[in-house]
Amino acid sequence: MELNLQRVSLLLSLVFMLGTTAAQAAKAADSADRLPNIILILSDDIGYADLHSYGHPYAKTPSLDALAAQGTRFTQHYVTGVTCGPSRAGLMGGLFPARISQSVARLGFSGQTTITDLLAERGYTNGHFGKWNLGPSATQVDGTYGIHRVKEIPGIKAGEHGRDDDLFDAAIDFIRENAERPFYVNIWGRSTHRQVRAPQRLIDEFSDLKVDREQFAAPMQKNFDRCLRFGCDLDATMRTYLADVYSLDLNVGRLLAVLDELGLAEHSIVVYSSDNGPAPVEGNKYGEWPTSNTLGYAGVLRGGKHDYYEGGVRVPFIIRWPGHVPAGRVSDDVTSFIDWMPTLAAITGMEALPQPLDGEDVSDIWRGESRERSKPLFWRVNRNASLAAMREGRWKLHYHTRRNRPPRLYDLEADPGETENLAEQHPEVVEAMGVRLQAWVDSLPDNYVRPPRESEQ
């Protein structure tokens, strides 16, 4: 009798094991066929070197540093515009912002196809949480631009982890609700947009911080001097700024933990970046602090938000996609958010795009290849200004297309801080790039629609 029971037990174990193996195989096959989830975490005005993994001497960003260790960290990734609205418009629409004849932040895309329109057609469920900057309030409804859930959250009141708590909460709820289908999520936070603030308990994490100016590159010294002229306490201002960065990192950690919990980490593309460089140091504009606590850091890069210099347009970019993006890699290849649409289109198997795009498919670079990009990068504000900029290969050209001012040419491989103008030493490079830059400027709209703000009406 005992022997028969053992045989029955063994038989049941074999049946269970076979069933489990079959279920695992079915699940693996289903996972292989499923399109990857896509999550874009976009900060507001965080500088190129504001994360520990990008060289900040004091920043606490363990979650983002871990994301970089599990994926690839890019050192030459660019935004499409020098301020919030144009940068986001170029990302979503795949066109350089100056090519769009109206202010997207105030009027919307008006029929232009966005990446979320395309992904919705591909079967994605799309969500957008946090800052909007994609059109007037009337467009901020579910279904806009193929986004099934739209929730603009101001990120003003600091929560337990920081001022972006609410929008991360909303994004996490959306991910839980859609865990069984492919989804795309924009998580566009407010850290570190002015007025920089953070919970006191996070500021206290930096209570021992004393700013040693020698640990910062030369461009930051001007920000320190400007801050002091406004009467700020450098130590206190830096503590508040880094506490806001840390709060973002805590929320990123919460999100990554949920992906692990739901078993989605292995099949999700997670990207972290910023919309432009660090904001300028300002005085007592808000009447609460001596400064608005803007002490963002771009490392050796010159300039910041509003600038065509590298500090304004080069931003951190971290991507994790297990099994597809190499872990622990640092890439020096030149990429841009102008590539966002064609790259995601290639990854998700879209056969045709509805419009010519300014970017290129860099999915091969994401996957670990190294090559020069095939298309140059251009910047100009969306009005008929005289200054434009272009990056092609190792060269960066700042060019006045309508005024008789000398061009500025920088070799970014040797001089990423744009300190030495090489225009006179390389006139042939200036001429060749100038012709292409002028041709691009000539292709832009003659007029831009910029309706007055409500206060001006």
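This is a predicted model: local features need pLDDT of at least 70, side-chain atom pairs count only at pLDDT 80 or more; totals for chains, interfaces and linings use all residues.
**Stop 1: the second largest pocket**

Select Pro219, Lys222, Leu301, Arg302 and Gly303. Of the 27 residues that line the second largest pocket, these lie nearest its centre. The pocket holds about 530 Å³ of space.

**Stop 2: the whole chain**

Zoom out and switch to cartoon. The protein has 13 helices and 12 strands. Of its 457 residues, 58% are buried. Now think about contacts between residues at least 6 apart in sequence: 73% of them join residues at least 24 apart.

**Stop 3: the disulfide**

How many disulfides does the count come to? It comes to 1. Check the torsion about the S-S bond of Cys227 and Cys232: it is 125°, and the link is right-handed. Is Cys227 buried or exposed? Cys227 is buried, at 0% relative accessible area. Cys232 is buried as well, with a value of 9%.

**Stop 4: helix H3**

Select residues 84–93. This is helix H3, and 9 of its 10 residues are buried, so the helix is largely enclosed by the rest of the structure. The buried set is Cys84, Gly85, Ser87, Arg88, Ala89, Gly90, Leu91, Met92 and Gly93. Cys84 has 7% relative accessibility, so it counts as buried under the 20% cut-off.

What covers the buried residues of H3? Show strand E1 (37–43), helix H4 (104–107), helix H5 (115–121), strand E5 (183–188) and helix H11 (340–347); the cover includes these elements. Then step just past the end of H3 to Gly94, where phi is positive, about 75°.

**Stop 5: helix H13**

Go to residues 427–442. Helix H13 has 16 residues there. From first C-alpha to last, H13 reaches 22 Å, close to the 22 Å expected at 1.5 Å a residue. Select its buried residues: Val429, Val430, Met433, Gly434, Leu437, Trp440 and Val441. Look at how they are spaced along the helix. An α-helix has 3.6 residues a turn, so residues three or four places apart point the same way.

Strand E9 (377–379), strand E10 (387–392), strand E11 (395–400) and strand E12 (408–411) are among what covers its buried residues.

**Stop 6**

A reminder before the next selections. Most residues other than glycine have a negative phi, and most peptide bonds are trans.

Start with Asp45, in the loop between E1 and helix H2 (62–70). Its phi is near 75°, a positive value in a residue other than glycine. Asp45 counts as buried, at 2% relative accessibility.

Move to Ser110, in the loop between H4 and H5. Ser110 is not a glycine either, yet its phi is positive, about 50°. Is Ser110 buried or exposed? Ser110 counts as exposed, at 57% relative accessibility.

Next, the loop between E5 and helix H7 (200–203), which holds Thr192 and also Gln195. Select Ser191 and Thr192: a cis peptide bond joins them, with omega about 5°. Then select Arg194 and Gln195. The peptide bond from Arg194 to Gln195 is cis, with omega near -10°.

**Stop 7: Thr294**

Finish at Thr294, in the loop between strand E6 (268–274) and helix H10 (310–313). Thr294 is buried, with a relative accessible area of 3%. Which residues does Thr294 touch, leaving out those up to four places away in sequence? Select Arg194, Val196, Tyr241, Ala279, Pro280, Val281 and Glu282.

Last, draw a C-alpha to C-alpha distance from Thr294 to Thr240. It comes to 9.0 Å in space, across 54 residues in sequence.

Technical notes. Residues are numbered from 1 along each chain as its sequence is written. Side-chain values use heavy atoms; hydrogens and water are left out. Helices (H or I, at least four residues) and strands (E, at least two) are DSSP runs, numbered from the N terminus. The expected span of a helix is 1.5 Å times one less than its number of residues. Buried means under 20% relative accessible area, exposed over 50%, partly exposed in between (1.4 Å probe, protein chains only). Contact means heavy atoms within 4.5 Å. On a 1 Å grid over the protein atoms alone, a cavity is a set of points where a 1.4 Å probe fits but cannot get out, and a pocket is an open set with protein on both sides within 12 Å along at least five of seven lines; lining residues have an atom within 4 Å of a point. Grid points are joined across faces, edges and corners, and a volume is the space filled by probe spheres set on the points. A disulfide is a pair of cysteine sulfur atoms within 2.5 Å.
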